[in-house]
Amino acid sequence: MSVTSFRSKLSGSIADSSAETQISERSAAASGWSGPTWLRPEIIERLMTAGDGLLIVTCGILCAVTYHLLSWSAVSKADVYAAASLLVAIHFSLMVTIQQGYRLTSMTNLRRQCRIVATTWTGVFAALFAIAFAMKVSDEFSRGAILSFYVIGLTTLLVWKTIASRWITLALRQGAFANSRIVVIAEMGLPDSSAAMVELCQHYRVMRTLEVGANLLTSPLLMSRVGPCIDELIVYARKNQVEHVFLLMSWGHQHAIDRVLDALKILPVPVHLVPDANVSRFLSSPLISAGSTWTAELRRAPLSWKERAIKRTLDLVGASFALIIFAPVMLLAAIMVKASSRGPVLFRQTRNGFNGSAFRIFKFRTMRVQEDGPTIVQASKSDPRVTSIGRWLRKTSIDELPQIFNVLLGDMSLVGPRPHAAAHNLEYEQIISQYAFRHHVKPGITGWAQVNGYRGETSALELMEKRVEHDLWYINNWSLPLDLFILLRTIVVTFGRPSAY
């Protein structure tokens, strides 16, 4: 039956409701090629992950072999280069996965893909190089081979991501990944329904859509008017091997949803209720079992004792390692601060930490003043209070290194929301509603907001709101891999895009 005849039959049986009910059909041929049944989004994402790993390992081995051949030296320790390449591939894939870089929608954003690849690739190399240097195993590798691996590997990944992004974008437009056949029963004018339909079309083949007016959904005559349409959908679903039915309607129409489900009970396929605009933001939170029911964890409590133990272990190991590595730098910085201006080497200021408790933060003194009271002025660009040595220390973030002692003392963590002066805390808590939730975890030397560009002076309220937004996301999504990723990303951000002053 064609769409025209289907609508004609409908208007003939319920002539007074033609404006409230509408059926449309998407022909399978009109949507373009729909690849084989194995070509599903989750499989493509796994193949992309495996493809990255294979490219990295191949580049690592080929770069080592080629460099040694061109330099007329014997290729030795091939197994060492292969193991190092595999280690780089594992870390790179893990970091990209954390950033959701293998999601189909993310892979279509070429600019974001290139940014993720460049920063992650550089961060992984920097971290592994630092570890190799600290463990005194860097002599095992040729500098030329490692440098060529970095350059050629990065170039190969960028070319690969460009090709993959264009192919996936074209495939999504043609419905290549939309293999499961579905029909949709939707409420007319429902907010966000267009976005939901776009998402469904990317993952399923939408064969037919029945649109029902909101007024009709609340009418006692609902089934007498919509029943014939649903009967037609059932017949169509049987003939065309439809695999799913999706309901796009407000969750407030419980009576209508129950009636539609009752009408569809004869059809042996899953029926899915798509979250409406009122509940979708809550359902994105983790679902927690509470006896025989489920709850959405809208706000995460402070970390469990196991999570705190894991995070504290990372802090102690990482801070001890950092203290050994940066001890010469800190000693030189202390001498420079003392020789350049009068005053103490260390700057101490009251900050608020976990659960809002106060502690004294340590930094190298970079100003001629020692502000710590009810009125504190943030440092600004070309601030006359900053010393000449202090300006360089702030730009390179070396002034933050004494906070390693705060981490060892347990007042701070390596990763967490940056602590602000107590006076600023009091101010922002009154004008930013969720600001206080930053104290659900220990403050950190670096954080999710800082590696996403929100560091330095917050001259506008919007900048602080963005920082708080990123801090809350970190608290609600904490994991050990996320902390490791932020530490790696901090190296890239600090040395690649310094913004503090």
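Which residues have the most contacts inside the largest nonpolar core? The legends below answer this and describe further close-up views. The model is predicted, and local features need pLDDT of at least 70, side-chain atom pairs count only at pLDDT 80 or more, and totals for chains, interfaces and linings use all residues. Residues are numbered from 1 along each chain as its sequence is written, and side-chain values use heavy atoms, with hydrogens and water left out.

**Figure 1. Overview of the protein chain.** The protein chain contains 18 helices and 11 strands; helices (H or I, at least four residues) and strands (E, at least two) are DSSP runs, numbered from the N terminus. Of its 501 residues, 44% are buried, where buried means under 20% relative accessible area, exposed over 50%, and partly exposed in between (1.4 Å probe, protein chains only). The accessible surface comes to about 26,000 Å², and 62% of that belongs to carbon and sulfur atoms; the areas come from the Shrake-Rupley method with a 1.4 Å probe, and for residues only the protein chains shown count as cover. Among contacts (heavy atoms within 4.5 Å) between residues at least 6 apart in sequence, 74% join residues at least 24 apart.

**Figure 2. The largest nonpolar core.** A nonpolar core is a set of buried Ala, Val, Leu, Ile, Met, Phe, Trp, Tyr and Cys residues joined through side-chain atoms within 4.5 Å. The largest one has 60 residues, and those with the most contacts inside it are Ile56, Val88, Phe92, Trp121, Phe149, Tyr474 and Ile486. Helix H5 supplies the largest share of this core, seven residues. Another core, of 26 residues, lies apart from it and includes Val226, Ile230, Leu247 and Val269. In soluble globular proteins, nonpolar side chains tend to be buried together.

**Figure 3. Aromatic rings around Trp121.** The whole structure holds seven aromatic pairs. Trp121 and Phe125 form a tilted pair, because their ring centres are 4.9 Å apart and their planes stand at 50°. Rings of Phe, Tyr and Trp (its six-membered ring) pair if their centres lie within 6.5 Å; planes under 30 degrees apart count as stacked, over 60 as edge-to-face and the rest as tilted. Both Trp121 and Phe125 are in helix H5 (residues 110–134), four residues apart, about one turn of the helix. The rings of Trp121 and Phe149 have centres 5.6 Å apart and planes at 90°, so this pair is edge-to-face. This second pair links distant parts of the chain, with Trp121 in helix H5 and Phe149 in helix H6 (residues 143–173), 28 residues apart. Trp121 is buried at 0% relative accessibility, and Phe149 is buried with a relative accessible area of 5%. Ring pairs join Phe92, Trp121, Phe125, Phe149 and Tyr150 into a cluster.

**Figure 4. Strands S2 and S3.** Strand S2 (residues 180–187) runs parallel to S3, and eight bridges join the two; strands pair if DSSP finds at least two bridges between them. Ser180 stands opposite Tyr204 in S3. Strand S3 (residues 204–212) is largely enclosed by the rest of the structure, because seven of its nine residues are buried.

**Figure 5. Two loop residues with positive phi.** Gln241 has a positive phi of about 55° although it is not a glycine. Gln241 lies in the loop between helix H9 (222–239) and strand S4 (244–248) and is exposed, at 62% relative accessibility. Ser397, also not a glycine, has a positive phi of about 65°. Ser397 lies in the loop between helix H13 (388–396) and helix H14 (403–409) and is buried, with a relative accessible area of 13%.
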